[in-house]
Amino acid sequence: MTTYETDEERVEALRNWWKENGTSIVAGIALGVGALVAWRGWVSWQEGHSKAASALYAEMTAAGKRADTQTAQRQAELLLEDYGSTPYAALAGLEMARLNAEAGDPESAETELRRVMDEAGEASSRDLARLRLARVLIASGKPQAALDLLSDALPVAWMSLVEEVRGDAYRKLGESDKARVAYDRALLTYGDNAEYLQMKRAELGSGTRASGE
């Protein structure tokens, strides 16, 4: 290590060091400050973007509750166009599919649900869209398409719902034995409020019950 004998030598060494390194230090500080400002700006924009999407989604659901489908559709389109990167876009698609199905338009409901399956960033939204689409397909007279759709695994926590939909599909196909087994499996994990499922199972009469394996 170099030892400096006088204060003048120390000052001169500092000046030389600053000449060699000062520009890069200033540039590094500027870049760091710029990055921090940019990050804070991005976070602020994201928060505002999410709040705007949330407000728009609230307006859409309110319109749906009062059966104002046209307004709900406009709000959903705005969510898809301007806020497609937020979770609210998938929620809007699911809501519009519900409204279309209730309005007797299964084709539009199917279109919305397939879009959510293809574009939603959250696995839970994609899975929910797939399960609801299976129900729409059954109601549209396409039970085999519903079974094909459910051939890929869904979350274990949804087993009862999946098996119930499978039972509905088999029932439409006239395959009562398979419907009974599916309903029985659904009942094993359904929990409370299974009266409607029990009614559907009872309508099929006696048959082999699922063992739960």
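**View 1. Helix H3 packs against helix H4.** Helices H3 and H4 (residues 106–119) sit with their axes 8 Å apart and meet at an angle of about 165°. Both are elements of a predicted model, where local features need pLDDT of at least 70, side-chain atom pairs count only at pLDDT 80 or more, and totals for chains, interfaces and linings use all residues. Residue numbers run from 1 along each chain as its sequence is written, and side-chain values use heavy atoms, with hydrogens and water left out.

A word on how helices get their labels: helices (H or I, at least four residues) and strands (E, at least two) are DSSP runs, numbered from the N terminus. The axes are lines fitted to C-alpha atoms, for helices over the stretch in contact, and the angles run from 0 to 180 degrees between N-to-C directions. H3 and H4 are therefore roughly antiparallel to each other; angles under 35 degrees count as roughly parallel, over 145 as roughly antiparallel, 65 to 115 as roughly perpendicular and the rest as oblique. H3 passes H4 in a left-handed crossing, the term for a near helix turned anticlockwise from the far one by less than a right angle (right-handed if clockwise).

On the H3 side, the contact (heavy atoms within 4.5 Å) uses Ala89, Ala90, Gly93, Leu94, Met96, Ala97, Asn100 and Ala101. H4 answers with Pro106, Ser108, Ala109, Glu112, Leu113, Arg115 and Val116. Sorted by class, the H3 and H4 contact holds ten nonpolar, three polar and two charged residues. Here Ala, Val, Leu, Ile, Met, Phe, Trp, Tyr, Cys and Pro count as nonpolar, Asp, Glu, Lys and Arg as charged, and the others, Gly among them, as polar.

**View 2. Helix H2 meets the other partner in this set, H3.** Helix H2 (residues 69–82) and helix H3 (residues 87–102) have axes that come within 9 Å and cross at roughly 150°. That makes H2 roughly antiparallel to H3. The crossing of H2 past H3 is left-handed. From H2, look for Ala72, Gln73, Ala76, Leu79 and Leu80; they meet Tyr88, Ala89, Ala92, Met96 and Leu99 of H3.

**View 3. Helices H8 and H9 pair up.** H8 (residues 176–190) and H9 (residues 195–203) pack at about 155°, and their axes are 10 Å apart. H8 and H9 are therefore roughly antiparallel to each other. H8 also goes past H9 in a left-handed crossing. The H8 residues Arg180, Tyr183, Asp184, Ala186, Leu187 and Tyr190 meet Leu197, Gln198, Lys200 and Arg201 of H9. In class terms, the H8 and H9 contact brings together five nonpolar, one polar and four charged residues.

**View 4. Gly167 in helix H7.** Gly167 belongs to helix H7 (residues 159–173). With 0% relative accessibility, Gly167 counts as buried; the cut-offs are under 20% relative accessible area for buried, over 50% for exposed and in between for partly exposed (1.4 Å probe, protein chains only). Setting aside neighbours within four places in sequence, Gly167 is in contact with Ala179, Ala182 and Tyr183. Gly167 and Lys200 are 33 residues apart along the chain, yet their C-alpha atoms are separated by 9.1 Å.

**View 5. Arg132 in helix H5.** Arg132 is placed in helix H5 (residues 123–139) and counts as partly exposed at 34% relative accessibility. Not counting residues up to four places away in sequence, Arg132 touches Leu94 and Leu113. C-alpha to C-alpha, Arg132 and Val165 are 9.3 Å apart in space and 33 residues apart in sequence.

**View 6. Ala58 in helix H1.** You'll find Ala58 in helix H1 (residues 7–65). Its relative accessible area is 42%, so Ala58 is partly exposed.

**View 7. The whole chain, for context.** The protein chain has nine helices and zero strands. Of its 213 residues, 32% count as buried. Among contacts with a separation of 6 or more, 46% are between residues 24 or more positions apart. The accessible surface is about 13400 Å², and 53% of that belongs to carbon and sulfur atoms; areas come from the Shrake-Rupley method with a 1.4 Å probe, and for residues only the protein chains shown count as cover.
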